Amino acid sequence: MKKKDQSSSNSRRDFMKTSATALAGFYIVPRHVLGGPGFIAPSDKLRVASVGVGGMGGGDVRGIFSTGKVDMIALCDVDDTRAKQSRDAHPKAAYYKDFREMLEKEEGNIDAVSVSTPDHMHAVIAMMAMKMGKHVYVQKPMTHDIYEARMLTEAAEKYKVVTQMGNQGSSGDGVRKMVEWYNAGLIGEATKVYSWTDRPVWPQGIKWPSEPVTPPSDLDWDLWLGTAPYKDYVGNLVPFNWRGWWDYGTGALGDMACHIMEPPFRVLGLSYPKSAEASVGSVYVGEFQRGYFPESCPPSSHITLRFDRPGKEDLEFHWMDGGIQPTRPEELEANEIMGDGGNGVIIEGTEGKMMCSTYGINPQLLPTSRTKEINVPETLYRVPGGDRGHYSNWVEACIGGYGSKEFDQLSSPFSIAGPLTESVLMGNLAIRSYDYRVAREGANGQYDYPGRGIKLLWDGENMKITNFDPANQFVKREYRGDYSL
């Protein structure tokens with residue numbers, strides 16, 4: 001028998017080894033290369049877990065998933081009925097009631113977390129996720145308290161994660177156009193801002209219900225309360241009207257100011273206010289008998305914030321809610337709508353004025369005839385799809401990573417959303433200080449309200465009111481149980 005040629009055998013082994021390597025290389029070619037244009041490989045998708053997946057949270061799940069670049073890995077909600085639509089849409093996603101259990105069990109399976117719960121739970125959920133190195137999308141307002149906003153802003157940089165607040169107007173073209181108009185000097189130097197809303201559209205300025213009722217069987221009431229003090233379940237609170245109660249919501253300001261204050265905040269490059277004043281609407285329960293309902297946000301308010309601008313005069317920034325609106329500018333014709341009717345912004349400058357609706361929509365120079373006459377070049381990045389591209393703006397940045405080009409194009413990262421949220425919540429601090437009362441010495445049943453009629457001076461760096469110490473209790477609240485940042 002002819003002896004097998006050793007060199008031939010070696011050549012065959014080399015061939016097989018090379019072929020196997022080539023074959024293996026073929027199988028690990030990214031699937032988007034093999035799948036044709038538009039195909040996104042599972043390995044290239046962002047793996048997301050969502051907390052709060054009914055109502056607005058359900059809309060966030062749909063919006064994030066609609067980008068086509070997301071796998072929904074896990075869903076979490078304390079209310080099984082409210083979660084049903086999202087669960088049906090994503091039957092393969094794991095389902096949890098407690099966000100802590102979800103994050104602990106899914107830590108290795110997810111890249112990012114969306115948070116769409118009531119306001120009082122935003123911070124603890126987002127912070128836990130960020131400490132795990134997960135990117136976060138958090139509904140507006142970013143947090144319930146000023147302290148929480150500062151801590152999340154610092155954490156985003158510390159843990160180098162991609163963040164976005166859910167104020168979609170910040171991705172719209174309107175606010176960018178207003179920035180370009182202002183930078184072009186079309187209204188000169190800003191002197192005053194007026195912003196307003198027709199909210200609240202839920203009960204406020206009312207007494208806490210006296211009769212507890214049995215919670216629905218599909219709602220975990222203790223988990224819903226979360227960081228808030230324990231109270232028995234009452235009707236007409238879940239799923240919507242919690243917004244009007246300080247333990248859970250942030251009132252009209254928290255609901256709408258992150259949408260409405262954001263355009264002038266960005267146009268003028270504002271940071272922390274130096275002072276805050278408040279006047280608050282009253283509900284009378286009898287003749288000359290003003291109702292006192294400190295647990296509930298007021299029916300209406302007018303906030304004045306002042307911002308220090310080095311080398312310039314202070315900026316006076318007004319917020320009005322409950323249907324209160326500023327005086328119409330003389331430049332508006334009698335039948336022209338101010339803002340969008342119920343909501344809007346006016347920025348007054350030394351050389352003119354500009355106006356917009358909610359989310360920065362429909363920006364106008366005043367008189368509005370000026371708008372058609374002006375053609376200012378676009379200098380700022382436009383988010384594809386405008387405000388409808390807000391979710392994609394975040395998803396693309398998460399995929400690109402911290403510090404990427406996509407990261408730099410984020411519309412509302414915590415570096416911007418944090419100071420904005422703090423400014424919004426300064427208004428609430430002023431409102432709550434207005435309702436702070438102390439028993440009048442020697443007068444049975446009589447009270448003084450020392451927080452009324454004063455200007456609260458704010459040390460932004462140290463998060464402290466310097467001239468009225470009782471106000472500082474509203475900067476940071478105590479959490480119930482073992483919840484913490």
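This is a predicted model: local features need pLDDT of at least 70, side-chain atom pairs count only at pLDDT 80 or more; totals for chains, interfaces and linings use all residues.
Residues are numbered from 1 along each chain as its sequence is written, and side-chain values use heavy atoms, with hydrogens and water left out.

Now for the ring pairs. Searching the whole structure turns up 13 aromatic pairs. Rings of Phe, Tyr and Trp (its six-membered ring) pair if their centres lie within 6.5 Å; planes under 30 degrees apart are stacked, over 60 edge-to-face, and the rest tilted. Here are two of them:

| Pair | Centre to centre | Angle between planes | Type |
|---|---|---|---|
| Trp202 and Phe240 | 5.9 Å | 80 degrees | edge-to-face |
| Trp221 and Tyr233 | 5.0 Å | 90 degrees | edge-to-face |

Trp202 sits in the loop between β7 (190-196) and α9 (221-225), and Phe240 is 38 residues away in the loop between α9 and α10 (251-260). Helices (H or I, at least four residues) and strands (E, at least two) are DSSP runs, numbered from the N terminus. Phe240 is partly exposed, at 37% relative accessibility.

Trp221 and Tyr233 are both buried. Trp221 belongs to helix α9, while Tyr233 lies twelve residues apart from it in the loop between α9 and α10. Both also join a cluster linked by ring pairs, along with Trp208, Trp224, Trp245 and Tyr248.

Charges over rings show up too: Arg87 lies over the face of Tyr95, 3.7 Å from the ring centre, and Arg150 over that of Tyr272, at 4.5 Å. That label needs NZ of Lys or CZ of Arg within 6 Å of the ring centre and within 35 degrees of the ring normal.

Technical notes. Buried means under 20% relative accessible area, exposed over 50%, partly exposed in between (1.4 Å probe, protein chains only).
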